[in-house]
Amino acid sequence: MRKIIHLDADCFFAAIEMRDDPSLLNRPIAVGGRSESRGVISTCNYEARKFGVRSAMPSSHAKRLCPDLILLPHRMDAYREASLQMRSIFYEYTEYVEPLSLDEAFLDVSDSEFHHGSATLIAQEIRARIHKEIGITVSAGIAPNKFLAKIASDWNKPNGQFVITPAKVPDFVAQLPVNKIYGVGKAMASKLAELAIFTCSDLHKFSVFELTQRFGQMGARLYHLSRGIDERPVNVDRRRKSLSVENTFAQDLPGITQCLNEIPSLSQQLAIRLRRVDDDYKVVKLFVKIKFSDFSITTIERSASAVSLAELQSLCTEAYERKGMPVRLLGVGVRFIDLRENNHFFQLELFNTELHAYHKQHTIPVSVTETPLSLPTQ
């Protein structure tokens, strides 16, 4: 059974603006393009939402709904920096991180040893650290799969979390409106309504064969998700996640002194290899790996932004003390965050909002393929 956390920053761009300028607190603000130049809203805070202001809305319409709206330009560097800080915290709890945008991500903590494997406590700690270290709030959903986790993170927004345990899945899913299933837009909802299907429990009256016959591949998705079944794994970045160098010795190193003597050479080799890595990677952790004479392996890591000989030697000592046996293999390495991901998400988000605004203002039919969004899990 997987334990999935979906983390979603609350009104991310606006939250960064309020953090950096406290005079904006409790006032309706939005981040986006100028109203006089066909700009669109990227994000707004909850004070603005009370007036009906929403993301992807033309800025001119937002100003009509809320004349006192404070419209701020994008500060990409500030948002990217906060996103990287959040990502760095995520990787301290699991390597299985799937970013969806600058401000949200899935984490698979099924095998995490933190808090004795409690996904609920891990999510609470991550949220508390983001609030303390970055100065913004994040909501979380915890569930057995991505579909449910995404839904759950919306349940207690802002600055809350919601848990869907495996035992609660059937009852929770049954009462969900069908439009909570990703891919069910207004057109699909209308088709389902013609069949008296309004909730996920209504879909249970139909077999997978019947739904597939009517709706093709979407029918199979409706069948499975309406029952809370989602087997999609958390997809980690296919690009490099780490870089390491290691050495297997012809004769086992007898003790910690000999191990520490090997660290400078390994550290130098790692630094040389890092010079060949492009600037799209940011170091977030150092680690040391030891294989003992009985072939057991231990790895220990620590947050860091650069290779440090002193840190590697400290990690080596800590790792060695776990068994205190002769060492067959010794390795050192770094873990990365991929900066290219952040640029991609930022540009994609702006592109989508601009396309939406153009479509609304010019009333030209535009065909856009929806990408599956996962919902909160446990």
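## Close-up views of a predicted model

View 1. C11 counts as buried, because its relative accessibility is 9%, below the 20% cut-off. The model shown here is predicted. C11 belongs to the loop that runs between β1 (4–9) and α1 (12–20). Its phi is near 35°. That is a positive value in a residue other than glycine.

**View 2. F12 and F13, a tilted ring pair.** Eight aromatic pairs turn up in a search of the whole structure. In the pair of F12 and F13, the ring centres are 5.8 Å apart and the planes stand at 50°, so the pair is tilted. F12 and F13 are both buried. Ring pairs also bring in Y79, making a cluster of F12, F13 and Y79.

**View 3. Arginines over aromatic rings.** Two sites are shown here, one after the other. R49 places its charged end over the ring of Y46. The distance to the ring centre of Y46 is 4.4 Å.

**View 4. Helix α4 packed with helix α5.** Two packed helices are described by the angle between their axes and the distance between the axes. α4 covers residues 76–91, and α5 covers residues 119–133. They pack at an angle of about 145°. Their axes are 10 Å apart. The crossing of α4 past α5 is right-handed. From α4, the contact uses Q85, M86, I89 and F90. From α5, I126, R129, I130 and E133 take part. Sorted by class, this contact has five nonpolar residues, one polar residue and two charged residues.

**View 5. R129, a buried arginine in α5.** Is R129 buried or exposed? R129 lies in helix α5. R129 is buried, because its relative accessible area is 19% and the cut-off is under 20%. Leaving out residues up to four places away in sequence, R129 touches I89, E92, Y93 and I134. I89 is also one of the α4 residues in the contact with α5.

**View 6. Helix α12 packed with helix α13.** α12 spans residues 256–274, and α13 spans residues 309–320. The angle between them is about 145°, and the axes lie 10 Å apart. α12 and α13 make a right-handed crossing. Which residues of α12 and α13 meet? On the α12 side they are I256, C259, L260, I263, P264 and S267. On the α13 side they are L309, L312, Q313, C316, T317 and Y320.

**View 7. The cis peptide bond at P158.** K157 and P158 are joined by a cis peptide bond. Its omega is about -5°. Where does P158 sit? P158 is in the loop between α6 (146–153) and β8 (161–163).

**View 8. A196, a partly exposed loop residue.** A196 sits in the loop between α8 (186–194) and α9 (200–203). Phi of A196 is near 65°, a positive value in a residue other than glycine. A196 is partly exposed, because its relative accessible area is 40%, which lies between the cut-offs of 20% and 50%.

Conventions:
Residues are numbered from 1 along each chain as its sequence is written. This is a predicted model: local features need pLDDT of at least 70, side-chain atom pairs count only at pLDDT 80 or more; totals for chains, interfaces and linings use all residues. Side-chain values use heavy atoms; hydrogens and water are left out. Rings of Phe, Tyr and Trp (its six-membered ring) pair if their centres lie within 6.5 Å; planes under 30 degrees apart count as stacked, over 60 as edge-to-face and the rest as tilted. Buried means under 20% relative accessible area, exposed over 50%, partly exposed in between (1.4 Å probe, protein chains only). A charge sits over a ring if NZ of Lys or CZ of Arg is within 6 Å of the ring centre and within 35 degrees of the ring normal. Axes are lines fitted to C-alpha atoms, for helices over the stretch in contact, and angles run from 0 to 180 degrees between N-to-C directions. Helices (H or I, at least four residues) and strands (E, at least two) are DSSP runs, numbered from the N terminus. A crossing is left-handed if the near helix is turned anticlockwise from the far one by less than a right angle, and right-handed if clockwise. Contact means heavy atoms within 4.5 Å. Ala, Val, Leu, Ile, Met, Phe, Trp, Tyr, Cys and Pro count as nonpolar, Asp, Glu, Lys and Arg as charged, and the others, Gly among them, as polar.
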